[in-house]
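This briefing sets out selected structural features of one protein chain, grouped by topic. Please read it alongside the sequence and the coordinates.

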Amino acid sequence: MADDSRCPRIVIVGGGAGGLELASRLGDRLGKRGRAEVLLVDASRTHIWKPILHQLAAGSYDSHAEEIEYLAQARWHHFRFRQGRLAGLDREAREILIAPLLDADGREIIAAQRVGYDYLVLAVGSQTNDFGTPGVAEHAIRLDNPDAARRFHERLIDACLRAHNQPVEAGRGRMTVAIIGAGATGVELAAELHAAAQVLVSFGLEHIDPEQDLKIVLVEASQRILAALPERLSTAAAVELRKLAIEIHTNERVVEVTEAGVCMAGGSFIPSTLTVWAAGIKAADFLKEIGGLETNRINQLLVAPTLQTTRDERIFAFGDCAACPNGQGGWVPARAQAAHQQATLLARNIERTLVGKPLKSFTFQDYGSLVSLSTYSSVGSLMGSLARGSLFVEGQLAKLMYWGLHKQHQLALSGFTRTLLITLSEWLDRVHRPKIKLH
């Protein structure tokens with residue numbers, strides 16, 4: 001049980017975009033002044049901004065340049081970091097259970113622990129939802145974390161080397177990448193892979209013709225790609241993808257993934273060298289009714305507008321792992337801008353909790369959506385205070401705004417000076433390193 005004689009302990013589980021931003025804000029506001037102890041728990045040692053996973057997968061972004069080390073961030077922003085995976089929740093004792101930390105050989109580094117809290121924040125994000133489709137776990141890569149992105153990139157390079165060393169007369173279409181799910185991740189990955197293939201052939205893989213030997217296929221169960229976004233944005237993105245000869249199948253449901261390819265509900269079959277599953281999201285399975293908390297059918301924790309869980313006012317949840325009402329009969333979308341806005345509000349609400357003030361309710365401000373099509377283009381729609389209704393943008397302006405979203409995330413975590421140095425480092429890397437990662 002929490003000890004009232006010490007300063008309150010705020011435990012944040014999950015160091016994604018929202019969780020790490022919240023820990024940094026609370027560390028600067030409360031930890032630095034000794035008003036609270038702030039502890040961040042995450043299974044990894046480093047943080048990577050999730051919207052760039054498609055670039056990591058294609059090799060067009062160096063993950064080591066982007067990674068933020070939790071221990072370093074904790075030191076700079078006055079919070080503590082503990083590596084481990086959430087294994088359980090004891091609400092009566094106000095403790096979380098952290099699973100043992102093991103090395104690559106299965107040897108124990110840190111034993112299982114129980115960590116007490118006064119206030120708990122769950123920000124563990126989401127994972128890809130395979131909807132129980134047979135063969136996905138065995139034969140497809142789910143692009144929902146940096147390890148998966150790196151694994152896909154290694155397989156891509158292996159497939160390219162294999163195709164390069166086949167006899168030239170072995171023919172056309174020697175490689176096919178099937179991407180299941182044409183949301184933002186799937187669409188951005190398709191364009192990024194096309195751009196990466198153009199660069200790869202300039203590094204000694206002259207036996208591969210990227211226009212003839214690499215086939216990229218997008219499969220979407222909805223009537224159109226980017227179904228969750230405005231139709232005009234979807235149409236513009238489809239036009240750009242077709243210019244790149246990317247094959248698009250809409251209104252097609254995948255019923256099985258095999259080693260050889262993808263089986264459709266209509267009976268057709270798409271042969272595939274590499275299959276990526278990017279269709280749908282859900283919260284982690286371990287969250288389902290964890291500690292008796294209320295969850296929905298995709299394991300998201302139900303929260304009030306104050307971001308407190310419905311069954312425990314000392315436990316907050318936000319981001320992709322939380323189902324927050326939007327005040328209009330629906331739910332706040334699982335998007336990076338929502339998590340950023342919630343982190344800002346939650347930092348204030350936790351401060352208000354500590355001094356006994358009433359909490360503020362969350363109101364989502366939709367500023368629109370941007371989709372990057374690699375070096376070719378970007379498309380997006382701006383909303384909210386930027387335009388009446390919505391304003392469609394594309395081309396270089398949209399690309400610049402997409403780049404700005406990444407910089408906004410870095411500013412929230414690192415401040416102006418470090419973000420300026422990071423940007424300079426990125427520019428220098430582009431000067432002296434290959435445009436894509438070759439290993």
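In this predicted model, a network of salt bridges links Arg9, Glu37 and Arg80. A search of the whole structure finds 16 salt bridges.

**Salt bridges**

- Side chains of opposite charge can pair when their charged atoms come close.
- Arg114 and Glu95 form a salt bridge in which the closest N and O atoms are 2.7 Å apart. Because Arg114 belongs to strand S10 (residues 113-116) and Glu95 to strand S7 (residues 95-98), this pair ties together parts that are 19 residues apart in sequence. Arg114 counts as partly exposed, at 48% relative accessibility.
- Arg107 forms a salt bridge with Asp103, and here the closest N and O atoms are 3.0 Å apart. Arg107 is exposed, with a relative accessible area of 53%, whereas Asp103 counts as partly exposed at 25% relative accessibility.
- Lys243 forms a salt bridge with Glu240, with 3.5 Å between the closest N and O atoms. Both residues lie in helix H9 (residues 231-243), three residues apart, which is about one turn of the helix.

**The chain as a whole**

- The secondary structure comes to eleven helices and 28 strands.
- The chain has 439 residues, of which 50% count as buried.
- Among contacts between residues at least 6 apart in sequence, 63% join residues at least 24 apart.
- The accessible surface of the chain comes to about 20,800 Å², and 51% of this area belongs to carbon and sulfur atoms.

**A parallel sheet of five strands**

- Five strands form an open sheet with parallel pairing, in the order S13-S20-S14-S15-S16. Strand S13 (141-142) and strand S16 (247-249) stand at the edges with a single partner strand each, so one side of each is left without a neighbour in the sheet.
- Strands of a sheet pair through backbone hydrogen bonds, either parallel or antiparallel.
- Within this sheet, strand S14 (residues 175-180) and strand S20 (residues 274-277) pair in the parallel sense over four bridges. Ala178 stands opposite Thr275 in S20.

- Ser272 has its place in the loop between strand S19 (269-271) and S20. With a relative accessible area of 9%, Ser272 is buried, because buried means under 20%.
- A polar atom of the Ser272 side chain lies 2.6 Å from the backbone oxygen of Leu274. The side chains of Ser272 and Thr275 are joined by a polar contact of 3.0 Å.
- Not counting residues up to four places away in sequence, Ser272 touches Thr176, Val177, Ala178, Glu259, Ala260 and Gly261.

**Positive phi in two asparagines**

- Asn251 is not a glycine, yet has a positive phi of about 55°. Asn251 lies in the loop between S16 and strand S17 (254-257) and is partly exposed, with a relative accessible area of 48%.
- Asn299 also has a positive phi, near 70°, in a residue other than glycine. Asn299 is found in the loop between strand S21 (281-282) and strand S22 (301-302) and is buried, with a relative accessible area of 6%.

**His78 and its surroundings**

- His78 lies in the loop between helix H4 (70-77) and strand S5 (80-83). At 34% relative accessibility, His78 counts as partly exposed.
- The C-alpha atoms of His78 and Gly31 are separated by 5.4 Å, although the two residues are 47 residues apart along the chain.
- Not counting residues up to four places away in sequence, His78 touches Gly27, Asp28, Gly31 and Lys32.

**A nonpolar surface patch**

- Leu411, Phe416 and Leu420 make a nonpolar surface patch of about 320 Å².
- Leu411 lies in helix H11 (residues 396-432) and is partly exposed, with a relative accessible area of 39%.

Note on methods: Residues are numbered from 1 along each chain as its sequence is written. This is a predicted model: local features need pLDDT of at least 70, side-chain atom pairs count only at pLDDT 80 or more; totals for chains, interfaces and linings use all residues. Side-chain values use heavy atoms; hydrogens and water are left out. Two strands pair if DSSP finds at least two bridges between them. Buried means under 20% relative accessible area, exposed over 50%, partly exposed in between (1.4 Å probe, protein chains only). A polar contact is a pair of N or O atoms within 3.5 Å; within protein, one must be able to donate a hydrogen and the other to accept it, and residues adjacent in sequence count only if both atoms are side-chain atoms. Contact means heavy atoms within 4.5 Å. Patches are made of residues with over 30% relative accessible area and no salt bridge: like charges are joined within 9 Å, nonpolar side chains (Val, Leu, Ile, Met, Phe, Trp, Tyr) within 5 Å. Accessible areas come from the Shrake-Rupley method with a 1.4 Å probe; for residues, only the protein chains shown count as cover. A salt bridge is a side-chain nitrogen of Lys or Arg within 4 Å of a carboxyl oxygen of Asp or Glu.
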